[in-house]
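Here are some notes for a colleague who is opening this entry for the first time. Please read them with the sequence and the model side by side.

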Amino acid sequence: MRKAGATIRVGLVLAACALLSNGMAMADEPAGHWLLSGDAARDEISPQQRLRIQYDIATAKETPAVRQALAGRKATTAVMLQWPLHPSRDVGAGYHGISNYVDHDPAFPTRIRDYTCGTRSYDTADGYNHAGTDYFLWPFPWRAMDEEAVAVVAAAPGVIVGRTDGHPDRSCTMGDRPWNAVYLRHDDGSVTWYGHLKRGSVTSKSVGDTVETGEYLGTVGSSGSSTGPHLHFELHDAAGRVIDPRHGACNDEPERWSPPQAYYDPAINTLSIHAAEPQFVQCGLIDGMPGHEETFAVDSVVPGSTFQVFASYRDHRAGEIATFTLTRPDGSEFAHWNHNLADSNPQRTFYPATAWYWAYTMPADAPHGDWHFKADFYGHTYSRTFYVGSAEEARDGAVRRERAEVGGLRAPVRQRATD
Ligand SMILES: [Zn+2]
C-alpha cells in the first residue's frame, strides 16, 4: 500500500526517554518521523482532459450569462493574485506546504526546470510537464481534507467560467481521472484553475457568477489524478497559454503574486501533544476503506503517563537547527533538545514536509498547571500550551483554553452546493 519514494516512515528505537532522578528528561532521539517528497502530492492532467477543460471554458465564455457578466466588467492590465487558501478553523501556525512548481523544461521525462532553475517540479514519461503549483495540506492531510480544514479561495476577482463537482477524492493513481475544479476569468483576460477540490465542497455559485478576491470556491481535496490532498493552481494568459505566476531566473514572466511567495518558506507548521503515536495514512485508505489519520492529540497530560510531543515542518532542509523546550508552569525547563534533519541520515537534504515525534514520561510529582512546548526555528518562535494535572482539572483547563483560542478565528465566507 505504501508507495516507494512517496513517504518514508522510520520508527527509531526510543533510546533515552528515561527520567533522571531530578525529573529532567534527557534530550531524545525521535520516537518516529515522516519525510514527504514532492511525490506525496502530485497529479496528472491528461492531454485529453486538458482539451476538454479548455473547450468547456471557451464554450462557457460564449454563453449569455458569461457574456453579460464580462460585458459589465472593465478590462485591466495584469491582474495581481493573492494567497489562494484560507484555513476554516484553527489548524495551527501553518497548514500547507508546496510540493511542486511549474516545469518550464518542455522536454521529458526527468527534464525538470522550475522558475528558479531548480528542480522542484516533475514531468512524466507520457509528456506531462507539471503546469501548476501544488499546495498540499500538512500535517494529517487526509483528516484535514475530510474535516474541510482549508478553503480554496479566489486569488483575484473574476467570473466563473467553469465548475465541476462529484468526482471522488481517493484515487491516488495517475491518468485521465476528472477532478473537481473551479475556473475563473479575470479582467485582464487571464484564467485561473483551482483543481482537486473535495467532492461536494464546490461553491454553489454558477458559471457566469462573479466572485471577489478571497471568496470561497471549495475546500482542498484530492479529486482526479492526485496522490494526496492539495490545490493544483494553474494560471493561463488571455491567449490560453500556461504561465507561471512566479518570476525567477528561469521565468521571464512578471511576478503575479502579491505579496510574492518565497521559493523556500521554512517553518514549523504545528506543535502538538499526543497520548499515543499519531498515525500516518497512505492515500486516505485504512485496510482498503476510506479513512484518515488518528492523531491521538490531547491538550492535557496526567502525571505519571507517557506522552508524545509532535512537530511538523514545511520546507525542511538538513543543517537548519530547531531548538525545542518543554517548560513547567514556573518557566523552568523540563526538557531541551536540538533537532537537525541531517542527524537522521535522510536520503535527501531537502523535503517539502516532515513530521517528528518524541516520547516522554510525565513524572508522577510533576507540578500541575499550564506547561509549554516551544520551538525556535528559522528566526521564529512557536509555542503550544498544554495542561498537566488530573483528568478532572484537565477538563476544566481544556474549557479555559478553548475559550482563549476562539478569539483568533476567522471563518471564510462559505457557499456550497446543497444538492
Ligand atoms: Zn499539480
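1. In what order do the strands of the open sheet of 5 strands stand, and with what pairing? The order is 18-24-23-20-21 and the pairing is mixed, where strands are DSSP runs (E, at least two residues) numbered from the N terminus and two strands pair if DSSP finds at least two bridges between them. Strand 18 (300–301) and strand 21 (333–339) are the edge strands, each pairing on one side only.

2. This is a predicted model, in which local features need pLDDT of at least 70 and side-chain atom pairs count only at pLDDT 80 or more, while totals for chains, interfaces and linings use all residues. Residues are numbered from 1 along each chain as its sequence is written.

3. Within that sheet, strand 20 (residues 322–327) runs antiparallel to strand 21, joined by 6 bridges, and F324 stands opposite W337 in strand 21.

4. Another open sheet has 3 strands in the order 3-6-11, paired antiparallel. Strand 3 (85–87) and strand 11 (216–219) each have a single partner strand, so one side of each is left without a neighbour in the sheet. Strand 6 (residues 150–153) pairs with strand 11 over 3 bridges, and V153 stands opposite Y216.

5. Leaving aside neighbours within four places in sequence, L184 is in contact (C-beta atoms, placed from the backbone, within 7 Å) with residues including A154, V161, V191 and V211.

Conventions:
Contact = placed C-beta atoms within 7 Å. Helix = DSSP H or I, 4+ residues; strand = E, 2+ residues; numbered from the N terminus.
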